Amino acid sequence: MERRYASHPNEVKQFDTERLREEFHIPTLFTADKLELVLTHEDRMIIGGAHPVNEAVRLETDLKELGVSFFLERRELGIINIGGAGSVTVDGTVYELDNKECLFVGMGSKEVIFNSKDAAKPAKFYLNSAPAHKEFPTAKATLEDSESAELGSITNSNERRIYRFIHENGIQSSQLVMGLTILKPGNMWNTMPAHVHPRRMEAYVYFDLPEDAVVVHMMGEPTETRHIVMRNDEAVISPSWSVHSGVGTSNYAFIWSMAGDNKIYSDMDPVDMKELK
């Protein structure tokens, strides 16, 4: 498990492209038959991926890094499958997960195993884990049974549908919030006008992006923005003081996840377009 430290906004102002990517960009999430994990000190979130192709992948890591006897002893886990059909086995119970379906695994679960249904079309399980103080039951959500809403407009190139899976009115968690957004064809902007929420950090993973396409992800303080060029199946860490917005050369989908002081999705501080620099 790779470790990333938290950064002060005054420090980030001095970063060049290479340093910015080293601190916030996560280029590799899905390696065949392997678990990829990045621990960020931004609210101690773990961001990662499990990509079982020829064999099962287990949720395990160096437990000394977490100070526990098993991974979810003091943590909870959100999983969204962005690949082919697969399953997640939690303490002996099997949960089938198709593309764009979500599973929440509560604190205290001791064994989590990831499998693909077909090695020719393997699953890609995107993972977010946050510290937990209370146990909530394991639960599954699909696009059809999640809370969703239409946002944006074709006029502003940001017509999209947002799906909320783990949140205050959906699957219950200790602090993890998670969902996904799908941009409609002809739309490229996400989360614009931008906002910040100093009470929660956030992470994005961009997917369903053509091989030759990119998303230019904007981050930083509203008056000191920087950008990171993102490609398909890549993630980015957004500190609580940072905006998190992007524009692509094609439409795409992205998963957003948060951890911090509260689970109120609408608790955000909007940034006026005139303020951005």
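**Notes on a pocket, a buried aspartate and a helix**

1. Let's start with the largest pocket: β14 (160–166), β18 (200–207) and β23 (253–260) each supply at least two residues of its lining. Strands here are DSSP runs of E with at least two residues, and helices are runs of H or I with at least four, numbered from the N terminus. A pocket is an open set of points on a 1 Å grid over the protein atoms alone, where a 1.4 Å probe fits, with protein on both sides within 12 Å along at least five of seven lines; lining residues have an atom within 4 Å of a point.

2. Before going on, note that this is a predicted model: local features need pLDDT of at least 70, side-chain atom pairs need 80 or more, and totals for chains, interfaces and linings use all residues. Residues are numbered from 1 along each chain as its sequence is written, and side-chain values use heavy atoms, without hydrogens or water.

3. In the largest pocket, 17 residues form the lining, with Arg 160, Ile 162, Thr 191, His 195 and Tyr 265 nearest its centre. β23 gives the most, three residues.

4. Now find Asp 233, in the loop between β20 (224–230) and β21 (234–238). Asp 233 counts as buried because its relative accessibility is 12%, and buried means under 20% relative accessible area (1.4 Å probe, protein chains only). Its side chain makes a polar contact of 2.7 Å with that of Lys 124; such a contact is a pair of N or O atoms within 3.5 Å, where, within protein, one must be able to donate a hydrogen and the other to accept it, and residues adjacent in sequence count only if both atoms are side-chain atoms.

5. Finally, in helix α2 (residues 17–24), Leu 20, Glu 23 and Phe 24 are buried. They lie on the same side of α2, because they cover an arc of only 75° around the axis, taken from the directions from the helix axis to the C-beta atoms.

Definitions and conventions: Buried < 20%, exposed > 50% of the residue type's maximum accessible area, 1.4 Å probe, protein only.
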